[in-house]
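Here is a short report for a first look.

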Amino acid sequence: MRRISLIDIAGAIVLVAILALAPMFVSSNYLTGVLTVCAVYGIWASSWDFMSGLTGRENFGHSLFIGAGAYTAGFLATIWSTNPWLSLPTAVGVAIAFSLLVGFPTLRLRGPYFALAMLSASAILQRLCLIFWEYTGGEEGLYGLDPLIKSPLHYYWFVLAVLVVTVIVLTLLAQSHWGLLLRAIRGDEATCQAAGINVTFYKIASLMISAGFAGLGGALYAHYQLQVSPPLFSVVVSITVIIMVYVGGIGSIYGAAVAAILLTLLTEMLRGFGEYRLWIYTLTLMLILFFLPNGLIAPLWRRLTERLR
Amino acid sequence: MTDLLEVNGVTKRFGGLTAVKNATFTLKKGEFTGILGPNGAGKTTLFNILTGFMQPTTGTIHFNGELVRELAPYKIVNRGMARTFQLTRPFVGMNLLENVLVACMSPRASNDKDKEERASYLLAQVGLGGRDKEPVETLPYGDLRRLEIARALATRPDLLLLDEPFAGLGSGEIEQLAQLIRRLHREQNLTILLIEHKLREFMALVSRVIAMNFGEIIAVGPPEEIVKNEKVIEAYIGKTEDAHASA
């Protein structure tokens, strides 16, 4: 993996500054809200990229960790009515617990088992939410969460800060020796074994890290919407996240975060097109993935900055 | 000298086919042994069993006095038995240094604090010095074999298993690689078990031969004796005309 150079840091600072200052120039709660969702998706996409992008084990049920984090926040607020800030660390813990539950039996296996297991695990949790509606509120979900921070603008800045920290932490990990091992696993598991590396351990550990950040993002989302509902567990959420990573350029982490922000903005901007919105969105994605199989954001950034490195 | 590896009655069946039949042998510390046999004799299967990539149907394997059967391959590596693959399996998309670095991260190499320096040193040792940043994709076959050896050495093995290191190489490359292997054996007192089906390269290298045919060990002894052994000649050249006539 490429080392971070000064130009990368400069680019990141400019982007974060634009994102942070945007609501001050266009003062509208709507924009602040959209940007908050953008940042949340950024956390989800970069956390997916860390595990699946580096190890090549596609996780088709990232919504499991997202939903687990969000519902943890929901339960803490509605049943135990604890200090809302407690929901962040608890959501991380619950999401990690779920990653161990699914990861242990499936990550030892090769092939598509892990992807399928994650897909079905998230679907099962969505069903369970409906079956145990007395506790989960069924289709309606849970209402009445307290906001973490009263001012939407300040909350947006907080979520953006979490995204920045997430991307920094995951990038540093990906560039460390640890990240090298994860990329080796993507390359050839048998060679890793021959090199004395406990492949299963590293796969499970990276899934735990990925799940922890996804759960954190889930709880942040819950405290933005002030409610949680079963669609959080849906396949649509997982697939949306995966598409964002592919558009960003798989394995780059920052690309996933930027693509998540841009695609979320694109979805919002297309609202004016009404029914045609999904058509345009899907067509754009298909064109990007067809003509740029390595993604858009990360390869483009590398190209633009090649001479400055 | 003590026995480093003790293989007892190892048999591997795939359905009706017996790939390895009742293999029994020992390796002493510091020994350079070769497994000889024509294609399909069960050599690679035996290697896969020793290194934990396959489980034997029956039989036991002791390494350094410890039963290693049913241990995961990476655990066996961390007990000091490293291998190379016949079809080299580098990590594509990584440079030479990174390829070796992965193995420097194994628990057995935990005493090597500066991983980069160690990996770079190992590359130099196998004759790939100064090429740390080169991508593996452009590497010729002979160099890939060297890379495999560097990766195996990174786990600080007591026993090194080389699976047909000369396959597909030109004679010049073979001579250089043989020199490297000989040097490792001599300078590091490394115990080596090498598979090969090419007689010539092989005989010049090893001090003891285990000859296999159809999954069975048919002869064990020094190379001079093995080349005269009737069963070995039969396996390689076919039966003599007399034998054909009487059969």
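Is B:Asn22 buried, partly exposed or exposed? B:Asn22 is partly exposed, because 14 other C-beta atoms lie within 10 Å. On this scale a residue is buried with 20 or more other C-beta atoms within 10 Å of its own, exposed with 12 or fewer, and partly exposed in between, with C-beta atoms placed from the backbone.

## About the model

This is a predicted model: local features need pLDDT of at least 70, side-chain atom pairs count only at pLDDT 80 or more, and totals for chains, interfaces and linings use all residues. Residues are numbered from 1 along each chain as its sequence is written, while chains are lettered from A and ligands numbered from 1 in the order in which they are written.

## Where the chains meet

On chain A, 17 residues are in contact with 21 residues of chain B. Contact means that the C-beta atoms of two residues, placed from the backbone, lie within 7 Å.

Two elements of chain A give two or more residues to this side: helix H8 (177-187) and helix H9 (189-194). H8(A) provides the largest share, six residues. Helices (H or I, at least four residues) and strands (E, at least two) are DSSP runs, numbered from the N terminus.

Most residues other than glycine have a negative phi. B:Asn22 has a positive phi, near 50°. It sits in strand S2 (residues 17-28) of chain B.

A:Leu226 also has a positive phi, near 60°. A:Leu226 is in the loop between helix H10 (199-225) and strand S2 (227-228) of chain A. A:Leu226 is partly exposed, because 15 other C-beta atoms lie within 10 Å.
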